[in-house]
Amino acid sequence: MATLPETIRLSATSLDRAAEKVEIAVRNSLNCPTGRWLLDGSLGESACELELHSGGRQLRRSIVDRTFIDNEGTRWIVDYKTAEPSGEESQEEFIAAQLEQYRNQLENYRKLFYARGERNIRCALYFPLMQRLVELD
């Protein structure tokens, strides 16, 4: 039987930690008013893991974590992040870095919806481990 390279193998301990982190993220989302709002399936055009395609010379596939239209008619595009600040950085520094890291991805999603004729679009990152929704400006 072939063995996996060292970089791919996961120990039982790391799998347990990952499972615990996912459980905490789900629990935090369900215990947070914002998290519950994001998961509300009754919101307009509610979708998770929505696959979108862009044209041009090369077909490009994008997967949007969460999207919906709120009660005011605004399209929300939300990307979930389980990352947390390291011990040396503040939550604000961490969030600013995350927004910059994922800015292009969220802007590309916005452009896809814009191309479909939607104009009132808000993009955000949701950090379930911190129970924080942070909007892209």
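Author: What follows sets values from a predicted model against their cut-offs.

Reader: Why is W37 called partly exposed?

Author: W37 has 28% relative accessibility. Buried means under 20% and exposed means over 50%. W37 lies in between, so it counts as partly exposed.

Reader: What makes W37 and F68 an aromatic pair?

Author: Their rings are 5.0 Å apart, centre to centre. The limit is 6.5 Å, so they pair.

Reader: Why is the pair of W37 and F68 called edge-to-face?

Author: The planes of W37 and F68 stand at 85°. W37 is in helix α2 and F68 in strand β2, 31 residues apart.

Reader: How do you know that F68 is buried?

Author: F68 has a relative accessible area of 0%. That is under 20%, so F68 is buried.

Reader: What makes W37 and W76 edge-to-face?

Author: The angle between the planes of W37 and W76 is 85°, and the cut-off is over 60, so this pair is edge-to-face. The centres of W37 and W76 are 5.3 Å apart. W76 sits in strand β3. W37, F68 and W76 form one aromatic cluster.

Reader: Is W76 buried or exposed?

Author: Its relative accessibility is 5%. The cut-off for buried is under 20%, so W76 is buried. W76 also belongs to a second, separate core of eight residues.

Terms used:
Residues numbered from 1 in each chain as written. Predicted model: local features only at pLDDT ≥ 70, side-chain atom pairs only at ≥ 80, totals over all residues. Heavy atoms only, no water. Core = buried A, V, L, I, M, F, W, Y, C linked by side-chain atoms within 4.5 Å. Buried < 20%, exposed > 50% of the residue type's maximum accessible area, 1.4 Å probe, protein only. Phe/Tyr/Trp six-rings, centres within 6.5 Å; stacked < 30°, edge-to-face > 60°. Helix = DSSP H or I, 4+ residues; strand = E, 2+ residues; numbered from the N terminus.
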